[in-house]
Amino acid sequence: MSLERFRWLIACAVLAMAGYFVAAPKLAQGQEPPATEESADEGESAPKQETPEEGSSEESGDEKSEDEGSEESATPEDDDESDAESDSEEQDDSEDSAKTPADEEGEDETAKEEDADAENEEVGELPKEVVFKEFVTIPLVGIYGRASVHIDPIDAAMASGKFAMPKAGDKFDTGAGREVAWRAAKVNDEGVLSTRSIRGGYAVASFDSPAAGILLLEATGHAMAYVNGLPYAGDPYAYGNYALPVRVEKGENVLVFHVAQSELTARLVKPSAEVLLSADRAVVPSLVRGEKAGERWASVTVANYSEKPLAKLAIEAELEGGESLSTPVEWLDAATVRSCPVEFKVPDELKGDVAKLALRLVQDDKVLGELELELEAVDASALQTRTFVSRVDRSVQPYVVLPAAKEASGEATHLVAKSDEEEDATIGAIVALHTDGMTPRDFAAQYKAKTWAHLIVPGGRGEFPLDWEEWSRMDAQEALSDAEDHFEIDADRIYVTGHGMGGHGALVLATSLPDRFAAVATAAAWPSLWTYGGGMPEYDKPTKLESILIRAARPSDTVAQLVNLASVGVYLTHGVDDEQIPAKLSRQIAEQLAAWHNDFALYLKPEAGNWWGAETVDSDELMQFLSARRRNPEVAAKRVRLATSDLGTLATSQWLTIGAQNEQFAISEVDLEIKESPLSIVGTTKNVKRMRIDRSVFDEAKPFVIRLDGGPSVVVPRIPSSGLWLEKVNKQWVQRPTPPRSDKGPHRYGGMKAVFDHDVLLVYGTVGNKEENAWSRAKAHFDAQTFAYRASGAIEVLSDTEFVENLPRDRNVVFYGSVDTNKAWAKLMSSSPVQAGRGRFRVDTRPETGDDLGYVVVRPRTGTTRYLVAAVGGTGIEGMRLTNRLRYFWAGTPYPDLLLIGPDALNSGDGGIRAAGYFGDDWNVDNAEMAWRDLAL
């Protein structure tokens, strides 16, 4: 098969991935499906859009697209902190506060440009509505998948600054020896553009504005949009309620939509107010009768549609019959929409089935917005929504609980809630993971209440979880931990199950937490992103650089980590006639387990597809399998079998912790067993450089022998209270002192995705030129918008000026730009071995030059032992734009500690990557694993 043919097949199969081609939510009952008529008159120039006068009633095209049958599943985290390392935050305050010549030059240049803009701009009024009815379109021209860098010639043109408003009939070079023509297209009478034939392609429109300012982009069916060359997140799942503030300029404005659905609607509207409180995407808990009075968490959307940031806000919340509480909102950037947490007090007694929560957004004594929400009040035995504040981004996340039933009849009549008295917990918990496109409440409704276990259904950060990997996996862990704070749960009777994508998630969760569950059960599951979903990086004969990229994707290799289920019961069920997720995938898991596992079962349901009713997930056989199993820590503690690739996700099982790898993010394996006579620990390791044996391995402090990997025995008189550290040196294991906490380790391991954790903060630059500053701000907000959409996130975005003035310390930070364009660089990375500025990029003594290089760099946050920082930027505006759509929020995509890409990256994918790698155990370059494609320039 030719390379071009292979790429074409990949494009067709992979663009069904999350965020591109997905099944739209079903139409509401009684809603008419939108028409799909399209007009494509070639040769006609793209006309400007109408801007209806005040009072006009143009169709807005807000309807959701019709379900086309395309499936999302067809693609388918200690100690602290400021351990006073001698360096404070990279530089003294006096050093940090001094402006560099580049700062002053950039500020002067920006001020001049802004003054010129103000002089040239005549006073005008923004249109109240712009309805986009006419477009020029182009079919699929890119290759996406789960690569570090996708291929997309439209994105490449955007990055280089060569994209211009096309006309119908214009030819476009796809870069693969093929030209395609732009075609004119019009919406139908309902304001819907049929894009069925160009899914994965682009639709472009333009309009003239009499003034510059902020309008709301209300669009649906697109993966993202460029507005005057700046990126904004899209609505690929066609929710229809994700409007974003965008800045339009006086004169012509060009909007480029990357099409994800078979229908596209788009309009711009003038905000009704500058500041709003909104119930859109609100998260609220159930109020449970009989629970103690106290604080609960909700979240609402706060919108700042002005062109100035807002500071020192607060949301006051009062539940009827309760006290008023105030939750601070320290900063809300200009033209921003963010989900904000709200704490409120629940009174001792709840009256009625509905309670009203009154909210007020205030600044000083001024009320900026008001909102009232209704919260359900339910009995303790009823299905209920609970909430928690996530450590990832301080967003409020929901999960659903069906409490255990008291009577054998199955009727839920009693909640076994946590009490102040100490007593043995006898009730277990089933963690159930929903498939894509299903809410946790809908999934919980498929189950009957159990007498022996509570049902816990995590939200997964949305109806379309991130393949239940990464942040969705973390959400499930946080939900379970929160449930344990509120219910008496037997730690030895916790189970995990799921259907479809949730079945894959159950395997992910069980293999990531090998000591947590007594059993795992899956229905219609797929094992890994390599076996189902497609688009994962694979190479016949990988180069060193390609090997590093493959390793960065290894955390998604669930099959390679099945050994972590050694002490966990496994139940697999699948419909024989499943046309969505083939039954052979469950068979493959069973075949893997059959070689070594002694407690698993496979049931293939005859004449059944992907779903055969509630019995799919709540059959008697499946539940009997779970309820019959208990975790036995004493038996499990005799032998540790562990496989992992990302020590930041999984490094410990029982009494063993892997502290360092020979090859970072490659699969590491350990199989160690305790022998009684003589007292010893024997076994084998693979890709383990350093490990720790906990003192709890033996009841008493007594001497023992360690024999590993066929090497000589090591006599250990006793294990220190801090644990025994061993390191492999010249193929022999030797004792070592405890490594410094400033080193890499499970507490802070690296990789770009790890930075989006620990209340991560995004910081944009303001000391570059106008173009650089506009990019930096837009990119920071684009990442926040994308995380909000894909992971129900609420990441805070700050300017570098605000960051430097306040310097929030106990958080991870991502900043956008270089030492010449973002003040945060001097604060966070001045002593880093990686330095970047206009026209230059250097790793230690190795330089790369040019203004068209893009990069992602992950470093430890100096002065802490827990937090990370990352720089995303470029050596010039073209290099910066290369990073516009790096896909680090997609499951399985590989992003190591460092990624350097060249100007051809968006046309050649991996071929455009200049360098990739991991810093050494001490975060320096001397022992780093770096691969360079070309010689330094």
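Where in the chain does Pro-678 lie? Pro-678 is found in the loop between strand S33 (668-675) and strand S34 (680-686).

The overall figures come next. The protein has 937 residues, and 59% of them count as buried. Its secondary structure consists of 17 helices and 50 strands. The accessible surface comes to about 36,200 Å², and carbon and sulfur atoms account for 45% of that area.

The average pLDDT of the protein is 87, and 84% of the residues score at least 70. Over residues 1-47 the pLDDT is below 50, although this stretch has 134 contacts in the model beyond near neighbours in sequence. Residues 419-424 also have a pLDDT below 50, and that stretch has four contacts beyond near neighbours in sequence. Where pLDDT is low, the predicted coordinates should not be read in detail.

Spanning residues 501-512, H7 has 12 residues and reaches 16 Å from its first C-alpha to its last, close to the 16 Å expected at 1.5 Å a residue. Why can H7 be called largely enclosed by the rest of the structure? The reason is that 12 of the 12 residues of H7 are buried. Among them are the glycines Gly-502, Gly-503 and Gly-505, along with Met-501, His-504, Leu-507 and Ser-512. The cover over these buried residues includes two helices, H6 (471-486) and H9 (584-594). It also includes the strands S24 (428-433), S26 (494-499) and S27 (519-523).

The loop between strand S25 (453-458) and H6 holds Phe-464, and Trp-468 has its place in that loop too. Trp-468 has a positive phi of about 55° although it is not a glycine. Its relative accessibility is 1%, so Trp-468 counts as buried.

A search of the whole structure finds 30 aromatic pairs. A pair of aromatic rings is described by the distance of the centres and the angle of the planes. For Tyr-239 and Phe-464 these values are 6.3 Å and 55°, and the pair is tilted. Tyr-239 lies in the loop between strand S10 (230-233) and strand S11 (244-248), so that the pair links distant parts of the chain, 225 residues apart. Both Tyr-239 and Phe-464 are buried.

Trp-825 and Tyr-855 make another pair. Their ring centres are 6.5 Å apart and their planes stand at 85°, so this pair is edge-to-face. Because Trp-825 lies in helix H15 (residues 824-828) and Tyr-855 in strand S46 (residues 854-860), the pair ties together parts that are 30 residues apart in sequence. Trp-825 counts as buried at 1% relative accessibility, and Tyr-855 counts as buried at 1% as well.

Ring pairs can also join into a cluster. Which residues do ring pairs link in this way? The cluster is made of Trp-471, Phe-756, Phe-787, Tyr-888, Phe-889 and Tyr-895.

The charged end of Arg-629 sits over the ring of Phe-625, at 3.6 Å from the ring centre. Over the ring of Trp-923 sits the charged end of Lys-744, 4.7 Å from the centre.

Two further loop residues remain. Arg-394, in the loop between strand S22 (384-389) and strand S23 (396-402), has a positive phi of about 60° although it is not a glycine. Is Arg-394 buried or partly exposed? With a relative accessible area of 37%, Arg-394 is partly exposed. Gly-169 belongs to the loop between helix H4 (153-160) and strand S3 (171-173). At 34% relative accessibility, Gly-169 counts as partly exposed. Gly-169 and Val-136 are separated by 33 residues in sequence and by 9.2 Å in space, C-alpha to C-alpha.

Terms used: Residues numbered from 1 in each chain as written. Predicted model: local features only at pLDDT ≥ 70, side-chain atom pairs only at ≥ 80, totals over all residues. Heavy atoms only, no water. Helix = DSSP H or I, 4+ residues; strand = E, 2+ residues; numbered from the N terminus. Expected span 1.5 Å × (residues − 1). Buried < 20%, exposed > 50% of the residue type's maximum accessible area, 1.4 Å probe, protein only. Contact = heavy atoms within 4.5 Å. pLDDT = per-residue confidence, 0-100. Areas by Shrake-Rupley, 256 points an atom, 1.4 Å probe, with all protein chains shown as cover. Phe/Tyr/Trp six-rings, centres within 6.5 Å; stacked < 30°, edge-to-face > 60°. Lys NZ or Arg CZ within 6 Å of the ring centre and 35° of its normal.
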